[in-house]
Amino acid sequence: MPTDQWHLIPLAIALPLSAVLLAILVRRATVYLLLGILLLMSANAVGLTWLVSSQGPKTYYMGGWEPPLGIVLYADGLSALLILMTTIVGFAAGLYALRYFPTKTDDEDATHRKNHFWPLWMFLLAAMSALFLSRDIFNIYITLELMGLAAVSLVALAGEPVALRASMRYLLVSMAGSLFYLVGVALIYANFGVLDLPAIRAVINQSPAAIIALSLMTVGLMMKTALFPFHFWLPPAHANAPTPVSAVLSGLVIKASFYLLVRLWFQGFDIFLTPIIMIIMGAMGAMAILWGAFHALKQERVKLLIAYSTVAQLGYLFLLFPLIKSGEASKLAWSGVFIFVLAHAFAKAALFLAAGNILKAYGHDRISDLGEMNRYIPVTVFAFGLAGLSLVGLPPTGGFIAKWLMIRSAILGEQWWCAVLIAGGGLLAAGYILRVISRAFRTVPDIPRPKPLSPLTEWTALGLALLALGLGFTGVYTLDLLQAGTPEFILNLAGGIP
Amino acid sequence: MLQPSTLYSLTAVVLFCMGCYSLLTYSHLLRKILGVNVMGVGVFMLLIARAYAGEGQQSDPVPQALVLTGIVVAVCATALALNLAVQIEATTHKADLAEDEENNGNAN
């Protein structure tokens with residue numbers, strides 16, 4: 001059958017799901033089995049990316065059942081890229097977790113944590129792959145919930161009261177967000193009788209029910225993305241989770257609900273995209289950039305600083321809305337924002353892993369008490385610096401390419417405030433990254449000698465930082481790939497938004 | 001005259017708002033968790049109300065399937081929430097989210 005190769009699409013979900021079962025059923029030596037599966041997943045993601053880039057987007061009917069009975073999976077350049085990103089970051093942070101959770105220990109709590117980590121981890125990756133491939137708004141709800149439950153449980157693994165409270169708050173926000181989203185789904189089904197996004201696009205009209213449904217779904221997803229002013233749950237949850245978990249939460253999980261917002265607005269409900277809506281979304285993004293950076297500058301702990309930086313960096317993603325204006329500017333904005341998503345995923349994961357190393361070596365992550373890091377943990381400091389460069393947006397990193405595309409789009413579309421904000425946000429990021437880096441080279445008289453680190457934990461952080469850097473050199477290929485999924489809506493925008 | 005499906009839809013909206021109110025205003029975790037559950041019941045009721053096609057008519061099976069799936073998800077989420085609440089109670093001896101240290105914990 002000529003379509004056989006497309007079985008890579010369901011495999012992207014089936015592989016991590018099988019790993020969940022393995023991790024629960026076979027306790028001994030599973031870690032190596034799981035790493036094997038992670039390797040397979042990476043190969044699968046690369047294969048899928050290649051397929052999509054050579055043959056274009058593909059709709060896959062599970063078991064050959066067509067909608068409305070069957071489950072539809074849909075892969076385009078965007079979903080393939082995001083799955084690739086998820087697998088790579090999940091793999092790297094998983095390697096880090098090998099040393100983060102001690103292999104041999106008599107501590108019952110630590111063993112318990114390690115045993116629960118792997119099934120939840122693979123479950124999170126499976127849920128995210130499913131989410132990136134879903135096109136039916138109810139299936140999207142299910143994948144959102146699966147992802148949320150796994151993420152909350154992973155935060156709670158840290159076990160301390162602060163982490164427990166943070167994960168409880170995360171869970172409540174996540175559940176409420178999902179329910180808001182589900183009311184929207186119910187209204188859409190009740191009024192239009194369809195759940196598949198392209199089918200919705202065909203029948204949607206400017207009725208009050210559709211407007212209420214879309215608003216509820218948007219608010220629900222914004223709560224889960226932690227867009228300002230719904231960001232309050234994010235810093236404690238991301239800062240107090242176990243380090244590898246912080247890395248994927250900040251790097252990947254919050255992007256998933258942003259991705260859904262983009263799919264909803266641009267591929268289902270684009271008739272509602274008026275200039276006012278675009279400006280409101282952009283303004284929320286702008287507030288997030290300023291608020292997050294301002295708080296990051298004030299933080300006293302490295303992990304909290306990085307968590308607030310995530311609040312700020314999320315803001316850039318929402319500049320996609322005001323930047324979508326006319327043909328060329330829209331295409332630039334689309335590519336810029338998704339390269340930003342990739343660059344941020346690698347850089348932020350690297351920063352969290354580096355921060356975890358600092359925490360482990362020094363026994364704390366209070367910025368004021370750090371020193372001589374370049375002598376004791378040089379690889380970690382280098383990783384932190386490189387990832388920081390990408391966050392600030394200096395060439396030749398991926399962060400630079402992303403911001404450059406976004407600024408070009410802003411200038412083409414004459415959205416000067418966006419251009420100023422993107423450039424200014426980079427300066428703020430430089431401010432908080434330098435706060436940590438400047439401590440690295442400081443000589444402190446009687447600092448207790450830091451504990452030695454496992455090389456694996458240092459090199460995984462550096463590996464991710466190098467990916468953020470490397471993205472700057474593969475920009476053209478990434479751009480081509482993103483074209484394989486740009487919604488017709490954006491390509492057809494010759495005359496600008498009505 | 002009020003149609004049965006309209007009556008149930010309105011009740012669903014009231015339930016959703018009541019749940020939301022409880023989630024936002026009470027600090028005790030059990031109240032919050034129950035609030036989320038009542039919100040969920042509201043959504044399910046909305047779906048079921050719209051499945052009703054009239055006296056003697058075949059009702060739409062799709063919303064019923066959606067509600068069944070939704071209930072499974074709600075049960076799992078509630079189980080996780082209750083477990084977390086128990087752990088919080090066990091480690092801090094109080095069942096709320098009040099923060100006594102850093103992180104401007106603007107409890108929801």
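The structure is a predicted model, in which local features need pLDDT of at least 70, side-chain atom pairs count only at pLDDT 80 or more, and totals for chains, interfaces and linings use all residues. Residues are numbered from 1 along each chain as its sequence is written, chains are lettered from A in the order in which they are written, and side-chain values use heavy atoms, without hydrogens and water.

Chain B contains 3 helices and 0 strands, where helices (H or I, at least four residues) and strands (E, at least two) are DSSP runs numbered from the N terminus. Along the sequence, the pattern is α-α-α. Of the 108 residues in chain B, 38% are buried (under 20% relative accessible area; exposed is over 50%, and partly exposed lies in between, with a 1.4 Å probe and protein chains only). Among contacts (heavy atoms within 4.5 Å) in chain B between residues at least 6 apart in sequence, 58% join residues at least 24 apart.

Ser27(B) lies in the loop between α1 (4–25) and α2 (29–51) of chain B. Ser27(B) counts as partly exposed because its relative accessibility is 48%. Leaving out residues up to four places away in sequence, Ser27(B) touches Lys32(B), Ala95(B), Asp96(B) and Leu97(B). The C-alpha atoms of Ser27(B) and Ile71(B) are separated by 25 Å, and the two residues are 44 apart along the chain.

In chain A, Asp109(A) is located in helix α4 (residues 108–133). With a relative accessible area of 49%, Asp109(A) is partly exposed.
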